[in-house]
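Hi,

Here is the structure I promised to pass on. Have a look at it first, then read my notes below.

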Amino acid sequence: MNRIVRKIAVLGSGIMGSRIACHLANAGYQVLLLDIIPRELSEEDKKKGLTEQSHIFRNKIVNASLESAIRSKPSPLFKNSLRKNITTGNYEDDLSKLGDQDWIIEAIVERLDIKQSLYEKVEKVRRKGSLITTNTSGIPIHLLIEGRSDDFRKHFCGTHFFNPPRYLRLLEIIPTKETSQEVTSFLVELGDKMLGKTTILCKDTPAFIANRIGVFSIMALLHTVKKMNLTVEEIDKLTGPALGRPKSATLRTSDVVGLDTMIHVANGLYKNCPQDAAKEFFILPDFVQKMADNNWLGDKTGQGFYKKIKDEKGKTQILALNLESFEYAPVQKVKFGTLENAKAVENIKARTKLLFEGKDKAGEFYRHMFLNLFDYVSKRIPEITDDIYKIDLAMKAGFGWELGPFEAWDAIGFDLVIDALQKNSVEVAPWILELKKNGIKSFYELKDGNRHFIDATSKSYNIIPGSSELIILSDLKQNKTLWKNSGCSIIDLGDGVINLEFHTKMNTIGGEILQGLHKAIDMASENFRGVVIGNEAANFSAGANLGLVFMFAVEQEWDEIDFAIRAFQKASMRIRYSPVPVVLASHGLTLGGGCEMSLHADKVRAAAETYTGLVEFGVGLIPGGGGSKEFTKRFSDSLEDGDIELNSLRNRFLTIAQAKVSTSAAEAFDLGIYRRGIDVVTMNKDRLIADAKSDVISLADAGYNEPVPSSSIRVLGKSALGMIYAGTNSMLAGHYISEHDQLISKKLGWVMCGGDLSAPSLVSEQYLLDLEREAFLSLCGEKKTLERIQSILTTGKPLRN
């Protein structure tokens, strides 16, 4: 069936429903969000003259929920203007509109009777063949369709989003025995390509995959707390970034989500999993029950494992709960030798093995934690899934783990973990022992650049479904690296395309990366069709290496700084005027120099979650790698589209002067960083490198020609420079900016106006690059600039001086 989805209805505007609606709007769908009508008019409604028939009153609940979601931080929308994609209504007045919808998602209260009652009404108005799914996280999917028609049953399944839907990438698809295979396959593909999700096909078992494993992991930790006499601070230190888990770790995450939510799922699992040999872990520890009795549920009640207070000076202080005395005290720093050793190990697999083998209390904790986890997940095969890779993907996409359980097992050592389980008198899952007997040494292996997983039934390796469509650089490095230095690698992606991958700290750009850039374009010019600049780190690049700039400036090595600026500018121009197409694949933080590189690429293939901007102003500088020049050129280009000169210049000037950073790739178009009709967005970051490779091939196949350097960039000279100077004087007089801010603004204005020209003129790119370099170099000699750079390097925070 050639199914097309354009319109989607979401039933229920609570925390999940409203945010699911927002993410569907992000993906470009027209969304209808419905909820109930208020029971009665409030006194405030009556004062406004509303009646029970007033449209505002009848949609009061849904509108308030949606607006609350949009105001929340971080935002559920890529940009506020996407709000226009969402229409609101209520069940009584607007249910008939479901007949026009291609997909209906139910996200109402977790009660079987209420859901079934709503489905009865929905069935009377929905169009035959339209998709109908539920976001339930706790009710068996097959129970929901009792009494429904064959067509309803055929097109019904579970679609379990994780909160917040924009940022947590997991989407669990749970079909019933009656769900059409076409429906299941379609939703898996739509979730992946259109919504940017890691879509996992799940069995209809309690809590499905991610929550079953995730809540077990949390509950096992909570039981370990008392067993090992660990503090709140110690647990979060041990289960945060050091372990490859989110910064909020375990207990802080519980406070954010709500302890009651975790308790609800844990109680449900204890009740609904009578055959689970580890179900005792789902019984609440005494201290958790006491916290629930005290209504200490986390942020929603003002206190949980942590509590915020104001001290006598009005400064916010964070307190942690003492699980023995049940009193709060200031958070204490935590130190373990194993964690100190782990700081030096950047590779998560090597670090995981080090943690497991630790000799102190931390090492003991990790062994206890990992062995509990490994025992549990191995015994959930085939109950919750037949495939180990689904568990790993679910935990990474739903809980933010860097390594899934079976990947962590591999990292520690397949046989080593089995020996440790047996040493601790744990009955190892029979299929694991059979693997060992058959000489299997790992759950995963690489074949021809693709990851394969061990099948628990056949005991043979199979390729992970869909992985052949992706390009995973870490899987290609071993056999496809063509050249490398300490800062970057050039990897053969196949089909005549090579990739330049950064691997410095935070992917900051220095001489090694610039060398690699020239090398990649040289190689491609001779033997390949084009270049992708992309990597798999958390962020594309935090910008240029400020530490180097600071060192040279302190030592007053002005020639060295001048050389470094020229080198960066030359690299940017090499990207722009390459004889082969260059596509930059941006994601995460793409700041400063990383943004400047993207400004010069033939095309940017941006992940939806890209946060990009020219942020140099915050450290007392202007963009010096071609960014100031390029924004001036784009101002000039905009005049061909009829933009008003001074307004267009002002907007582009302020984007740099206010160090604006996009909150998404979509917003980067509004800031003028990405170009409409040229640069494009990929919703699923996993597909980013593969999509960028396809872009290179398309550009090459279209008959790519090296661009001609521009020598006719219009700059406005004194007239515009006067406007900028007057503006900065007013801002200074009003105490909105400092004298140093004014100086930087004037330097930027000088570049973007073309210097002190008496009249509007046409200039070359090199003319602007020279102005840019001179301005950047002069600012490096300012004491306050050095203070700002030092603040960023030492504290990670900008200094306003």
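Let's start with Lys693, which is buried at a relative accessible area of 11% (buried means under 20% relative accessible area, exposed over 50%, partly exposed in between, with a 1.4 Å probe and protein chains only). Keep in mind that this is a predicted model, where local features need pLDDT of at least 70, side-chain atom pairs count only at pLDDT 80 or more, and totals for chains, interfaces and linings use all residues. Residues are numbered from 1 along each chain as its sequence is written, and side-chain values use heavy atoms, leaving out hydrogens and water.

Lys693 makes a salt bridge with Asp495, with the closest N and O atoms 2.8 Å apart (that is, a side-chain nitrogen of Lys or Arg within 4 Å of a carboxyl oxygen of Asp or Glu). Lys693 sits in helix H30 (residues 688-701) and Asp495 in the loop between strands S16 (488-494) and S17 (497-502), so the pair ties together parts that are 198 residues apart in sequence. Helices (H or I, at least four residues) and strands (E, at least two) are DSSP runs, numbered from the N terminus. Asp495, at 53% relative accessibility, counts as exposed.

What about Glu765 and Lys629, buried or exposed? Both are buried, and they form a salt bridge with the closest N and O atoms 2.9 Å apart. Glu765 lies in helix H33 (residues 765-780) and Lys629 in helix H27 (residues 627-639), so this pair links parts 136 residues apart in sequence. Through shared partners, salt bridges join Arg576, Lys629, Glu630, Arg634 and Glu765 into one network. The structure holds 58 salt bridges.

Cheers
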